[in-house]
Amino acid sequence: MTVPPPVLTMTGLRKAYGTVQAVSDGRLTARAGEVMALLGANGAGKSTMMNLLGGLVSPDAGQIGIAGQAVSFAGPTDAIRAGIAFVQQELSVFGSMTVAENVFAGAFPTRAGRIDRAAMQSQARALLAQLGATIDVGRPVDGLSTGDRQMVEIARALRARPRILIFDEPTSSLSGREKALLHTAIRDLKAQGVAIIYISHFISDVFDICDRITVMRNGETVAERLASQTDQAEVVRLMLGEIGAAGRIVPDDAVPGPVALRVVGLTAPPRIREASFDLHRGEILGIWGLLGAGRTELVRGLLGLDGPVAGRIELHGPNGLAPVPPRDLRAVTAFVTEDRRGEGLLLPFSVSDNIALPNLDALSQGGVVQRGRVRELALRLIRTLSIKVSGPAQRVGTLSGGNQQKVVLAKWLAGAPTILILDEPTRGLDLAAKDDILRLAVDLAGQGVAVLLISSELEELMRVSHRYLIVRERCVAGTLPGHATEAELIAALSAPVAVQVPA
Amino acid sequence: MNYSITALAAAAVLAAQGALANDITVGLSWNSKTQPLEAAWEDYMKAEAERQGAAAGVTITWVINVADADPSRQASNIEDLITQGVNVIVARAEDAGAIGASIRAANAAGIPFVTFDRASGTVAPTAHVGGDSYDQALTTATAFADLMKEQGIEGKCIELQGALTDVNAINRSKGWTEVDAARPEISTLVQVPTEWNPELFRSGMANALRAHPEANCAFIASDFAITAVQSALEEVDRWAPAGDARHFWLATQDLLPGAVPLMEGGYIDVSTTYDAFKHSEELVRVVIALSKGEDPMCGPDGCLAKGRVVTPATIATIENLWSKTYK
Amino acid sequence: MMRGVLNYGFPLILAGLVVLFGVLSPSFLGLANAMGILHAMVPIVVVATGMALVVMLGKLDISVGAIGFAGMSMAAMLIDGAGWSPLAASAAALGVGAALGALNGFVVVVLRVNPLIATLGTMIAFRGLALQITDSRVMVLPDAMRNFGNWTIGPVFFDVLLAGAILLAVHLVHRETPFGRTITAIGNDEAAARRIGLPVGRTVFACFVISGVLGALGGVLGAAQVGAVTTFLGKGMEFTAVAVVVVGGISLFGGRGSVFWGVLLGALTFEIIRAGLNHVGANPYFYQLIGGGIIFVAMYAAALKARETRLQD
Amino acid sequence: MISPAPDRSAAAAAIVQPGLQTLIRVAVFAAVLIGIWWLSPVFFRPSNLINVLVQASMLAILALGMTVVMIGGGIDLSLPANMALSGIFGSMAMSATGSVGLGCAAMLVTGACIGALNGAAVAYLRMIPFVVTLAMMTMAGGLSVWITNSTSISNQPEPFFTLFLSRPLGVPMAVLIMLTAGLVVQAILGLTRFGWQVYAVGTNPAASRISRVPVARVLFQTYALAGLLAGLAAIVVTARLGSASANVGNDSVILDVVTACVIGGVSIYGGVGRPMAALAGAVFVLVLGNVLNLMGVSFFIGLMLKGAIIIGLVALDGARGRSA
């Protein structure tokens with residue numbers, strides 16, 4: 001096959017948000033009739049690249065060329081005019097409107113000011129057919145499956161007859177069958193000469209349909225490979241970079257304590273499928289999987305934070321393991337969410353108030369909060385966690401990320417939890433802060449707390465995990481012992497798995 | 001909103017002048033000002049104050065505030081009049097019950113309190129001046145019954161009541177019902193309360209007409225929104241002057257400006273005026289008497305200015321009828 | 001199944017009410033009465049039609065009653081003072097409505113004030129404005145205007161046809177035009193609508209203007225029927241309009257429901273009860289209580305419905 | 001991907017906004033006071049100041065209730081209607097039994113129950129506060145009108161009046177009740193676990209839930225407490241007017257209540273506000289009215305100004321609301 005000239009060339013792109021250099025050297029090309037994968041761990045700069053391409057933000061430096069012409073986008077509409085279309089991870093469909101209306105939202109064909117439904121429906125039907133989807137274009141989107149909704153979204157993107165079509169995490173909420181359909185559709189588009197950029201954390205998908213792979217890390221494009229000339233392991237290594245040799249700060253095979261938490265067949269399609277595992281006292285169980293594999297969904301489902309879940313949760317109580325509702329689990333669990341600003345903290349509140357909130361029962365007498373004790377507690381934790389603040393009264397919103405995260409931990413530690421769940425606890429923190437947080441987790445484990453740790457950085461997982469829980473494609477694919485090597489862990493991610501269709 | 005500052009300012013002014021014995025300040029508290037009637041009252045009062053005041057050698061200063069139909073606001077307004085220390089308080093009550101508290105307060109402060117137009121349902125004021133709404137209904141109803149008799153018609157009537165929070169509305173209903181019971185010529189088919197809301201005057205009348213097609217007359221508790229009734233009658237093609245076969249016999253109260261031309265045109269058969277002029281005249285008389293510490297000589301129900309019965313025959317000739325001249 | 005009940009519940013209740021009143025007072029079932037009920041519905045139908053568009057956005061406009069009062073007061077002043085023709089004055093009233101609606105739109109879209117509070121504020125302000133210019137007096141309108149308000153063509157009142165036409169027109173605009181579909185899209189998910197580049201701000205603004213114009217028209221038609229402008233005009237109409245829309249099954253979360261059927265059924269429910277109680281000579285103090293009860297039931301149904309759809313998504 | 005851009009603006013909003021608002025509020029308030037002093041020094045006579053406080057008492061107590069609900073992130077339009085109905089039930093109980101205590105209890109209980117109904121609908125059925133309380137307003141109003149045939153009940157036993165119209169230490173009972181209520185509510189919100197949770201829920205329900213705050217229960221309680229305060233307002237206003245009737249809950253009252261809260265710096269987006277400030281807001285609403293009257297501005301223009309003030313202050317508050 002002869003290599004067609006690139007339709008899109010992005011070179012030497014730089015973009016900084018305030019002090020943070022989101023993209024330092026972004027390069028990306030896309031060719032008509034090819035699928036280019038864009039991979040990278042989170043924070044690698046993929047989203048920024050796409051925002052640049054979509055005209056949402058403008059680059060500090062570098063060029064974007066389309067069909068050889070240098071272009072600069074003042075806004076999204078310019079990008080659209082240039083033939084660029086997005087299929088966002090977050091679906092933008094309108095439940096009470098018909099499929100056809102959704103496809104044409106924003107560009108309805110009209111006759112004498114009135115929507116030409118006949119034309120709209122036939123065109124919508126054609127677009128969906130082009131995707132190999134057979135959906136009644138006259139029915140409302142309410143009640144369509146997620147896969148069908150995605151098809152509607154793609155059809156809308158195709159409506160503009162784009163030359164470049166970007167899929168951002170298209171399969172993250174699709175069932176296996178739906179994913180298969182999507183991939184066929186993408187192959188068809190490719191055959192029709194559309195240049196496709198495919199962003200995904202599902203490596204196996206990438207190798208399933210992509211011709212080329214671009215990998216970004218820390219804001220730089222580190223490699224471009226032909227899919228046929230690389231393998232999953234190499235790609236993952238490129239994404240994660242060289243794992244620092246920093247030694248483990250926990251013994252390889254600590255004798256696990258008794259089971260603190262047993263999860264059996266936890267299911268909440270499409271977020272979680274049949275997850276089962278044990279969590280022991282005094283161990284740090286590292287949840288290892290790529291972003292989007294369902295790690296966060298797993299722990300949130302466990303705590304019953306996203307609506308009802310099926311399956312059984314057993315908690316170690318006075319008389320052994322006993323089934324409990326998620327609510328009771330919440331009562332003994334410290335949960336450090338990945339969304340620190342949105343869910344972890346009340347930004348307008350002071351440090352001490354944030355620390356006090358989950359512990360008000362202990363801190364109040366006859367319903368009255370004992371300010372003295374609150375201050376005492378805050379000061380103690382500020383000291384023990386060496387949080388850098390002007391005082392307990394400082395607003396959390398004004399703290400640095402690392403110190404904010406320490407406040408989150410502080411508010412939980414006060415309650416002496418038996419289970420600690422850390423979801424990306426070190427995201428966006430500097431090295432020192434990262435280290436503090438990890439050591440803290442280790443100390444707690446040492447005191448008998450059962451710790452679940454989610455992290456996209458294999459390095460830090462490898463430093464502190466007693467065991468690994470491998471999460472892949474929305475389900476628990478197995479566990480690995482603490483002494484597992486980097487190679488084993490990476491292999492575990494990319495090992496082919498039987499696609500399970502959710503009940 | 002209350003006017004405490006206005007009051008205090010006035011007080012300051014008075015103090016500055018060094019109030020003379022025969023200079024009196026009258027605090028007037030309107031419950032609301034939503035009809036030309038109030039405006040008419042106010043103007044007549046001021047005019048009469050000049051006239052009678054001159055005669056009695058008294059200069060009257062008015063301090064006026066409005067409560068926008070909110071009883072607690074009216075209480076506030078009256079408290080302000082008291083703190084200012086006016087010589088007499090005149091109030092048209094929004095709420096027949098709530099005004100009692102203000103009367104109590106005035107008594108405590110030793111300020112004579114005159115309820116105007118709407119009597120207190122609880123504590124008795126120093127004096128009450130108003131139209132005799134009960135007598136008003138009696139005279140209208142009687143005149144109407146006579147008319148029916150003379151016409152040889154059996155009047156099957158619809159009664160459109162006012163708001164039942166309003167003493168006048170209740171009195172008028174009472175007066176009509178009594179005459180209705182006493183006179184065979186008229187009978188009431190249905191009573192429709194309206195809250196004084198024109199929309200309900202129209203739809204209520206229309207519904208009543210459909211429910212009782214045999215109806216041929218109506219007693220209307222006030223004709224301030226008579227056009228609403230007109231609409232309802234036109235709907236069933238019963239809007240025609242007396243003499244026309246389709247004529248629907250109407251007895252109204254007040255004969256307010258909107259109604260005057262309609263009576264002149266023979267659409268309204270009987271009405272008893274609500275004499276702003278006479279009320280004001282009587283009020284000023286009472287106020288001056290009280291300011292001199294005299295007994296205003298009121299009847300058991302207060303100093304009531306009876307209304308005058310008006311018919312198409314007499315409307316042209318009747319004298320100083322405010323609603324004829326007033327706009 | 002629950003769904004079905006929620007959707008067809010009110011028509012059923014409605015039918016039940018008609019039968020009940022019909023039995024209690026045979027005259028209730030006549031054609032004349034039907035026409036009378038439609039006639040009495042006209043002002044609220046027009047106002048609720050505008051409200052329905054705003055609710056479809058997932059927002060509320062509780063200043064409509066005040067706008068109606070303000071617009072009509074202006075018209076009455078022009079007729080009274082400046083001797084304008086009723087037609088010209090009514091046009092002016094609609095102009096006032098458009099202007100005040102635009103003010104609402106500005107406050108909501110540009111100043112980005114929560115629509116409830118925004119229109120709560122303008123509601124007070126507009127009513128104050130109207131009371132100010134009329135000095136809160138009763139103003140009798142010329143016969144021409146009242147005759148128009150009660151003009152019948154055969155058995156049908158003209159303003160019923162007018163209101164019907166407006167309701168239908170707005171319904172079609174909502175169903176059949178890009179503008180209308182954009183409204184529904186915003187009501188479904190404002191963020192998504194922005195993401196895919198729909199003209200959110202412009203659409204919201206336009207809806208508030210339309211709501212203002214229809215509010216004023218409601219005021220004009222209401223006043224024309226009784227032939228006078230009093231301070232009662234439009235009082236509490238905003239709340240009735242919201243109630244009508246909710247009872248008509250238009251979701252307050254936005255995006256769901258039918259303008260035509262929603263407003264029609266909602267308005268019928270309230271007017272049939274009022275007229276029925278009139279016919280059977282019931283204690284009228286009862287109305288408000290029943291009214292509130294109906295809103296509450298309707299809202300509860302709406303909440304359940306909304307939760308159902310949320311679960312589906 | 002973290003982008004600090006929103007962080008900065010959020011922080012900015014969090015810090016700058018309140019300062020700016022307070023500044024503007026203080027400026028307006030000062031202007032008004034100077035205006036009064038210029039127009040009528042006698043206003044500052046203690047007797048008149050006390051009088052203004054008495055007149056503000058009902059509004060202020062309702063504003064306290066609204067403050068609690070607003071800080072929790074909701075709104076309760078039914079407060080005045082609730083007050084009217086509570087006053088009526090209480091007065092009926094009183095005149096039936098002759099027991100003042102029972103009557104007052106009846107008012108408080110009625111108020112709390114109506115509030116609890118609102119709370120249940122909002123917290124557990126997840127209905128929209130505005131519409132729930134709107135419907136409650138209509139129903140409570142309808143009930144008052146119906147049971148009283150909109151006549152007023154004024155046969156409360158004399159002790160009731162002697163008690164609530166008394167002036168211990170020369171301070172009218174109404175004022176004492178208002179101030180006590182203000183301090184108590186301030187204490188509840190500022191010192192108790194419940195209070196802290198109310199602020200938390202109003203600020204960020206999701207984060208509060210994660211932090212083990214019983215969000216639904218807290219919301220429910222805010223409405224119940226507001227209802228209780230409506231009952232208290234009923235006692236004060238009934239004593240003051242010497243009668244209870246459906247029309248004390250007249251529409252214009254709810255608008256004054258919202259105005260008082262907004263002026264007092266309570267955020268309609270939740271999480272921000274001080275009861276005593278709202279109380280001051282209520283007094284301010286009355287004083288403002290006085291000034292307008294004094295300057296010969298009609299009551300109706302006053303309405304327009306009130307509307308403008310609400311929108312203006314909320315627009316200022318907007319940035320916070322959006323960043324939250």
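At what angle do helix α8 and helix α10 of chain C pack, and how far apart are their axes? The model is predicted: local features need pLDDT of at least 70, side-chain atom pairs count only at pLDDT 80 or more, and totals for chains, interfaces and linings use all residues. Residues are numbered from 1 along each chain as its sequence is written, and chains are lettered from A and ligands numbered from 1 in the order in which they are written.

**View 1. Packing of α8(C) on α10(C)**. Helices α8 (178-188) and α10 (200-226) of chain C pack at about 105°, their axes 10 Å apart (axes are fitted to C-alpha atoms, for helices over the stretch in contact; angles run from 0 to 180 degrees between N-to-C directions). The two are therefore roughly perpendicular (65 to 115 degrees). Phe179(C), Thr182(C), Ile183(C) and Ile186(C) of α8(C) meet Val200(C), Thr203(C), Val204(C) and Cys207(C) of α10(C).

**View 2. The open sheet of chain B**. Six strands, in the order β2-β1-β3-β4-β5-β11, pair in parallel (pairing requires at least two DSSP bridges; helices, H or I, have at least four residues and strands, E, at least two). The edges are β2 (59-66) and β11 (303-305) of chain B. Strands β1 (23-30) and β3 (88-91) of chain B share four bridges, and Ser29(B) stands opposite Ala91(B).

**View 3. The side of chain A that touches chain C**. Here 18 residues of chain A are in contact with 18 of chain C (C-beta atoms, placed from the backbone, within 7 Å). Elements α2 (76-81) and β8 (114-115) of chain A each give two or more residues to this side.

Key
Two residues are in contact if their C-beta atoms, placed from the backbone, lie within 7 Å. Angles under 35 degrees count as roughly parallel, over 145 as roughly antiparallel, 65 to 115 as roughly perpendicular and the rest as oblique.
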